[in-house]
Amino acid sequence: MKRRSEKFAFTLLCLFLMTALAGHKVMAEDQNGYLTVTGPCHPTFPKDHGPHPGYRTEWWYYTGNLLAASGNQYGYQLTFFRSQISPSDTTTNWPRPSSAWRTQQVFVGHAAISDLSKKKHRHAELMAREALGMAGASQKTAATTVFIKNWSTTIGADSHVLAAHTADFSIDLTLQPAKPPVLHGQAGYSRKGSTAKKASCYYSLTRLISKGMLKIDGKTIAVEGLSWMDHEYSTDPLEAGIVGWDWLSLQLSDQTELMLFFLRQQNGEIHPASSGTFVDRSGRPQHLTREDFSFTALKQWQSPRSNAVYPVAWHLNILPLAIELTIVANLNDQEMVTAATTGVTYWEGSVSATGTLAEQPVRADGYVELTGYAKAFRAPL
Amino acid sequence: MKKFLFFSRLFIWFSLRDMRKHMGRAATVLFGIALGAAVFTSVRLSVNASLDSFTKSMDLIAGRADHVLTRPGGYVPEYLIARLLDHPMIRNASPVLTTYTRVSQDGSEPFLLIGFDPILDRPLRNWRINDKSGQSPVVWLDLLKEPFTLILGEPLARQLNRAPGDSLYLEHAHQKTRFKILGMLERSGLSLAEGGRIALTDIATFQEFTGLFGKVDRIDLQLKPLATARDRADIQRLLPESIQLNPPTAKRESGQMMIRAYQLNLSILSFASLFVGMFLVYSLVALNAASRRHELAILRATGASAYHVFFIFLAEGAFLGITGWLVAIPLGNFLIKYLLHGVSQTISTLFVRVQVDTLSLSVSEIAFGFAVTVGISILAAYQPAREAMQVAPKEALEISQLGMRPRKSPGQLAIWGLICILLVLPLSRLPAVLDMPLPGYLAILLLFVGFSLLAPWALQRISHSSSAVLLKRAGIPAYLASRYVRDSGTRTAVSVGALITAVALFTALVIMIYSFRQTVTYWTYETIKGDLFLTSKMGEINRFRYPIPQQVIDDLQDYRSEIDILPNRRFFLNYGKFPYEFELMDMQGFMQYASFFWLKGNPKAIRPMLKRGEGVIVSEVFSNRTGLTVGDVFKAQIEESYLELPIIGIVRDYRTQGGVVFYSMPHFNAQYHQTYWGGLRFFFKDRSQDLDLAVAKLRNDIIDRMGDKVDMYSGKGLRGAVLKIFDETFAVTTVLLLIALVIAALGIATTLTVLVLERSRQLNTLFAVGASFRQIRSMIFWEAGFMVVIGELAGVVCGFVLSCLLVFVINRQSFGWTFLYGVNWGALGASIPLIILTALAAALPAVKMVFRKPPATLLRER
């Protein structure tokens, strides 16, 4: 009897621990004093739309394809990066009293509009420290606001409101999620390398019904379309030898979505941690591993600014899903040169795809991000 | 081309060969003109170097900002930054804080510490980390990460002997703190400001170091290119009323204006050397024209046109100018080393802080120096050339004894001279043009020209009227000398003119400097009264912008029984482009121990009004520069308060860097807003004790109790320092003056030598008919004596007139101040005989020349 009760107690303890682990993110501090992602993240919403200080890097990434009443097509990108420049515990060494300018958080914003009809790509960048209301990320009454100067995203219960006003163009959009957040990898734990710590917490809103205004050359244009939002945070995701990545998001005409990323190694091979997520019509994710897909560049384009050679057309084959797509950049020159902020030169552009899914013809719109082509990617901040 | 070659050959044969033959006199003239050119160019290049350094620093610090937000006399609240960045027409905004700091107990000079946000500032200013030393290109990010870190300008790092990774202790009014050096700046952009003696730090560190939490000196803005006046008005509406939105050029322009006024004054003074040198050229070319009259006639008889002759003599002037300018290059190189330091120090003391690290050789400035030198040499040669072209070919057959006859009689010249002198008065009453006393300078030029034109007539009259007396009293040599000077015409007069110019300058400057010094001394002892002065650490260099620590003020209360403590606060403001200080002080206490140096208004009536805070008194400089006088209303925005107060008096004040407005501190605190104590002065209540001892004891007590948190100066030391600065300021002037005198002495020596050489035949005839060497030497000395005495007398008279112009016109229009006129009879009395002796000594070479050739040989010639 005693033995049975001991066994019962042990089972209870195990259950408790499992429950505890399942309900809480697995996080630890790295040797530098930053939090690291080491296991499933189990994000909860709306809380996890908010910032995650303690991790070195975090971003809120919006991309989308929009259509004006005139028939003109536009791609856009609006990204907010948060970078923690020193470990959390270093605040104890700050002088007292501290200046209002003293902070650990620096925010960077990148925005772009690809005017696909006029074949023109415009981009802008911003950077500010989280001080004196110049930039920040906060949560109040379940709404998350991330802003840098006059760029912002406000994530409410049922919408995301984006605003970015640059010298060249403006973006004012309201996005409504058509599907719940999709957690990538294992409950949001997205591996980016060989060890457990080389990972990020990553979720997406894969189908955001978008409506609003763009302002280009002083002209306001009413637009609507679909957007994609990624929210990801980590401390040291990339391992040595990885020179950059190709990332792809597609919204397919059959109401499914696809996200893939390929971690490119110095030796030209794709790292085994590269993975993806397929989202079915109901919003259920299916994790894809490196072995599940092949991605072949079909065409290249050389940037006149950085001389980097980027692929601008691809063939994608996902065997388990019977997906075969040809993806083409809607505009070759969608390069982002961000010398004034992160210093990273990358390609972030609107793409279109055609092909088949389960032998049914499909088409898709989406965005591709290509890093490490101008020079090996190095975390800038 | 053919004509030019022919003319060149003619010039070489006729002029250059003759100059080579008389190498000594040509060399003397060349040296004189070279010295003048060297002084003129060096002075201008030195002031330009300071001007460039100032402008460059201002531009580099202002960066690409097109507007700047400031609060007059105060700080801009930092919370405005987010509001500004949100504005759609503002492209970039960057807050900036600057202060001078220094390495603790290092004894090294203070340097400029700039606190800014490296992120917001990137679009506005160019600065790059020198990554050759392996430093990370994102060192700027480490400024944000680590408190008390900085990046040094490379020259500063070299001077401090520090490298990245090292640390240093910096001291400031607020504290002394250890800083870590993260890197060095590349020698470009912002790092060139202040001669590279700058350091950059994050704004957070700056505020924590200086205690300036919540505020910044200014916010630099870059508006969008399409921003209109309406947008600017819209931005202004975002701001509190006390914040001003201006172009960043305002401060630069006011600094440039002051340096340019100084440059103009020094240029004019240095031009005097060239002006005196001009007499030398005239004298040599005139001699050549006169003594070679026979050769000229032959030249004319053999086919040369009158214009050929004219241009040959003009070319002589040009040759002297060009060669003199070339010789001036090595001379200038030597002079500039002294002037560069002296001038930049004077500008730093008087106007704006400059750090001259390089001498920029501006092509236009060198070309200007060349043009002026050659231009005045040609101008000096013009008259003799005109005379020479009058020589008729038939004179080739005559034996000329007459030499050059002036076209205008001394009487005619004297009338022109008088007209010039008479014009001085109306010109001196004209206002400045473009903030420059141009009518005043024209008056000075006319004064010199007028006295020089009077010289031949004066020489003629004085020699004529004194010849009979001299015959009786001083014998034949004196009589002959007076007759010769009377008949020698303009050539002798020209040298006298040079002497008049130099002596007038000397006299005027001696009077001006004396008047100035006496007035400043009086002002110092009246107004800068106090037994001990105390400011926050490095308060003076930081314009008293940091409050005296409260703990210090509290501790000082313990001394209340022995001393009276008079606090003050100075705000550095601008009235339009004119910089001035608004000084608050305890008028009641001040007037108990000290007083103002009243210029306008009734002190008896004004004092009680001042104590009651019923108005302000302004300095003479402020009044002259702004046009505001007693009865007008002084209006100013000072920090968050707007003042409108009547001007009730004008006082003399010789504080550098602009004018001053004084107001009662208790009334300002009561009626406007509370302000902190920026400085203090102490007066011992017991005035009968040994004050030096008491000051030393109090000073030591304060150091013992409060450490080195504050800077202190004894009243005696401070007054001494003021006068030392004064003397240093005039060091450059004195050097320029001495050089002008040297050139004038050269002029006398050349003229006398020339006169002797020209009259060799005559002198030898005298010798042949029985005159002794002694008598002939005596005669030459008498001639020199005539010239020198007349030159001196006229120079002194001219100098007195000039001194009035300098004191009451030039200084007032250039700097806004005047002085109590005073003549240093002692210095003048001692130096004028000295100048006479020096000038007479200049006759010695002439005497030696008299009998260089045997008389018989000379008499046989021709």
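Which residues does Phe634(B) touch, not counting residues up to four places away in sequence? In this predicted model, the list runs to Val616(B), Val618(B), Leu628(B), Leu645(B), Ile647(B) and Val661(B). Phe634(B) itself sits in strand S17 of chain B. It counts as buried because 21 other C-beta atoms lie within 10 Å of its own, and the cut-off for that label is 20 or more. One of the residues it touches, Leu645(B), is 11 residues away in sequence, yet the two C-alpha atoms are 5.2 Å apart in space.

The strand around Phe634(B) is worth a look too. In a regular strand the side chains alternate between the two faces of the sheet. Strand S17, residues 633-638 of chain B, has a covered face made up of Phe634(B), Ala636(B) and Ile638(B). Its uncovered face holds Val633(B), Lys635(B) and Gln637(B). S17(B) is joined by 6 bridges to strand S18, residues 641-652 of chain B, and the two run antiparallel. One residue from the uncovered face, Gln637(B), has Tyr642(B) in S18(B) as its bridge partner. Between the two strands of this hairpin there are 2 residues, and here Glu639(B) takes a positive phi near 50 degrees.

Now for chain B as a whole. Its secondary structure comes to 29 helices and 21 strands, and 48% of its 862 residues count as buried. The C-alpha trace spans about 95 × 70 × 50 Å along its principal axes. Of the contacts in chain B between residues at least 6 apart in sequence, 85% link residues at least 24 apart. The chain is divided into four domains: domain 1 (1-62 + 252-405), domain 2 (64-247), domain 3 (438-530 + 716-862) and domain 4 (538-708).

Ser305(B) lies in the loop between helix H10 (293-301) and helix H11 (306-350) of chain B. It counts as exposed because it has 11 C-beta neighbours inside 10 Å, and the exposed label goes to residues with 12 or fewer. Ser305(B) and Met389(B) are 84 residues apart along the chain, but their C-alpha atoms are separated by 8.3 Å.

Chain A has its own make-up, with 1 helix and 25 strands. Its C-alpha trace spans about 80 × 60 × 45 Å along the principal axes. A compact globule of 381 residues would have a radius of gyration near 21 Å, so the 21 Å of chain A agrees with that figure. Buried residues account for 49% of chain A. Of its contacts between residues at least 6 apart in sequence, 57% join residues at least 24 apart. The mean pLDDT of chain A is 90, and 92% of its residues reach 70 or more. Over residues 8-24 of chain A, however, the pLDDT is below 50, and this stretch has 2 contacts in the model beyond near neighbours in sequence.

Finally, the two chains meet: 24 residues of chain B are in contact with 23 residues of chain A. On the chain B side, helix H3 (80-86), helix H4 (118-121), helix H5 (139-145) and helix H7 (203-210) each supply at least two residues. By class, that side has 14 nonpolar, 2 polar and 8 charged residues.

Terms used. Residues are numbered from 1 along each chain as its sequence is written. Chains are lettered from A and ligands numbered from 1 in the order in which they are written. Helices (H or I, at least four residues) and strands (E, at least two) are DSSP runs, numbered from the N terminus. The radius of gyration is taken over C-alpha atoms; the globule rule is 2.2 Å times the number of residues to the power 0.38. Two residues are in contact if their C-beta atoms, placed from the backbone, lie within 7 Å. pLDDT is the predictor's confidence in each residue, from 0 to 100. Two strands pair if DSSP finds at least two bridges between them. Ala, Val, Leu, Ile, Met, Phe, Trp, Tyr, Cys and Pro count as nonpolar, Asp, Glu, Lys and Arg as charged, and the others, Gly among them, as polar. Domain bounds come from an automatic or database domain assignment.
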